[in-house]
Amino acid sequence: MNKLGVIFDLDGVIVDTAKYHFLAWKQLADQLGFTFTKAHNELLKGVSRIKSLEILLNIGDIRVSEEEKKAFLIRKNKEYLSYITKMTADEILPGALELLNTLDHMGIAYVLGSASKNAPLILKQVGIYNRFKSIVDGNSVSKAKPDPEVFLIGAKKLNLQPRQCIVFEDAIAGIEAANNANMISVGIGNKNTLNEANYNFNNLKEIPTDFFKKLMTLN
């Protein structure tokens with residue numbers, strides 16, 4: 001496998017926007033009259049926007065119409081946007097820029113594969129939008145992770161076969177999606193939680209300098 005491509009998830013890998021999702025979802029829960037905790041927020045990692053809302057409503061034991069769901073999603077996203085439009089390059093996670101520099105130096109192309117519909121905005125805010133060969137986000141897919149659709153589209157953008165793609169993910173659903181796509185999965189975060197990944201690192205700074213060279217030697 002002498003040619004590789006990389007697909008990055010966004011939240012929790014390149015930047016940490018989970019805290020802003022939490023604040024926005026918490027405000028919605030407060031308005032609906034129930035408590036939404038950080039532990040609850042973990043259930044939403046790597047999950048689509050509508051599925052996240054359904055999980056939140058189940059936590060509060062609240063039943064609403066489809067029209068009300070749409071209104072809640074608009075309200076939540078408006079609150080979330082108020083946070084991310086203030087993001088700067090300081091919010092890029094440790095090791096991310098160094099990793100992008102390494103990939104550029106090695107001539108390894110990379111794309112984004114994220115469930116977030118705000119991914120392009122976030123990348124522009126932190127100043128790295130133009131570094132990615134392509135952006136595959138929530139506007140590009142019809143099926144949420146763990147369905148592999150987002151990563152399979154990413155592979156096509158890279159002009160590579162799935163087995164030539166390395167996926168960096170911080171969520172269980174994302175690791176499952178990468179595995180379902182027959183790609184090399186790299187879990188970033190808790191190794192016990194992401195134990196289905198082919199490789200695990202606590203953060204991007206832990207990735208060995210020869211990591212990609214070794215993968216190129218695999219058949």
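Colleague: Why is D104 called partly exposed?

Modeller: Its relative accessible area is 40%. Buried means under 20%, exposed means over 50%, and partly exposed is what lies in between, with a 1.4 Å probe and protein chains only. So D104 is partly exposed, and R131, at 27%, gets that label too. Bear in mind that this is a predicted model, where local features need pLDDT of at least 70, side-chain atom pairs count only at pLDDT 80 or more, and totals for chains, interfaces and linings use all residues. Residues are numbered from 1 along each chain as its sequence is written, and side-chain values use heavy atoms, with hydrogens and water left out.

Colleague: What makes D104 and R131 a salt bridge?

Modeller: The closest N and O atoms of D104 and R131 are 2.7 Å apart. The rule asks for a side-chain nitrogen of Lys or Arg within 4 Å of a carboxyl oxygen of Asp or Glu, so the pair qualifies. D104 sits in helix α5 (residues 96–106) and R131 in the loop between α6 (119–126) and β3, so the bridge ties together parts 27 residues apart in sequence. Helices here are DSSP runs of H or I with at least four residues, strands are E runs of at least two, and both are numbered from the N terminus.

Colleague: How many salt bridges does that rule give?

Modeller: The count comes to 10. One of them joins the side chains of D9 and K145, at 3.2 Å from N to O. D9 is in the loop between β1 and α1 and K145 in the loop between β3 and α7, so this pair ties together parts 136 residues apart in sequence.

Colleague: Are D9 and K145 buried or exposed?

Modeller: Buried: D9 has a relative accessible area of 7%, and K145 comes out at 8%.

Colleague: And why are α1 and α4 called oblique?

Modeller: The axes of α1 (residues 18–32) and α4 (residues 66–84) come within 9 Å and cross at roughly 140°. Axes are lines fitted to C-alpha atoms, for helices over the stretch in contact, and angles run from 0 to 180 degrees between N-to-C directions. Under 35 degrees counts as roughly parallel, over 145 as roughly antiparallel, 65 to 115 as roughly perpendicular, and the rest as oblique. The two helices are therefore oblique to each other.
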